[in-house]
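Here are a few exercises to work through with the model open beside you. Try each task before reading its solution.

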Amino acid sequence: ARWEDVDWEHKVLKLRDAKAGGRRVPLGPEALDTLQSLREAIRARSLKAGGLVGESAPAEAGPIFALSY
């Protein structure tokens with residue numbers, strides 16, 4: 001999932017490539033809190049490293065987690 005897949009207003013995660021096709025997964029308060037904390041931590045780390053703030057900041061673009069397998 002990517003940050004742009006999190007619909008903060010409607011509290012859902014949009015999964016584009018689920019096995020049964022795209023779907024929307026409801027996010028509970030704990031999941032929303034965790035994602036918000038992660039987003040803030042990434043933004044703070046980016047600021048420390050001299051990164052951008054705003055729409056193009058890493059906390060707002062790209063994958064939530066960079067996984068490779």
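**Exercise 1: A network of charges**

Arg2 is partly exposed, with a relative accessible area of 33%; partly exposed lies between buried, under 20%, and exposed, over 50% (1.4 Å probe, protein chains only). Before going on, note that this is a predicted model, in which local features need pLDDT of at least 70, side-chain atom pairs count only at pLDDT 80 or more, and totals for chains, interfaces and linings use all residues. Residues are numbered from 1 along each chain as its sequence is written, and side-chain values use heavy atoms, with hydrogens and water left out.

Task: find which residues are linked with Arg2 in a network of salt bridges.

Solution, step by step:

1. Recall the general idea: side chains of opposite charge can pair when their charged atoms come close. The cut-off for a salt bridge is a side-chain nitrogen of Lys or Arg within 4 Å of a carboxyl oxygen of Asp or Glu.
2. Start at Arg2: its partner is Glu4, with the closest N and O atoms 2.9 Å apart. Glu4 is partly exposed too, at 39% relative accessible area.
3. Move on from Glu4, whose side chain also meets that of Arg16 in a salt bridge (3.7 Å, N to O). Arg16 sits in the loop between strand 2 (12-15) and strand 3 (23-26), and Glu4 in the segment before strand 1 (6-7), so this pair ties together parts 12 residues apart in sequence.
4. Arg16 is partly exposed at 48% relative accessibility. Asp5 forms a salt bridge with Arg16, the closest N and O atoms being 2.6 Å apart.
5. Asp5 lies in the segment before strand 1 and Arg16 in the loop between strand 2 and strand 3, so here the parts tied together are 11 residues apart in sequence. Asp5 is buried, with a relative accessible area of 7%.

The network therefore links Arg2, Glu4, Asp5 and Arg16.

**Exercise 2: Elements and core**

Task: list the order of the elements, then name the residues of the largest nonpolar core.

Solution, step by step:

1. From the N terminus on, the order reads β-β-β-α.
2. A nonpolar core joins buried Ala, Val, Leu, Ile, Met, Phe, Trp, Tyr and Cys residues through side-chain atoms within 4.5 Å. The largest has 7 residues: Trp3, Val6, Leu13, Leu27, Leu32, Leu35 and Ile64.

Terms used: Helix = DSSP H or I, 4+ residues; strand = E, 2+ residues; numbered from the N terminus.
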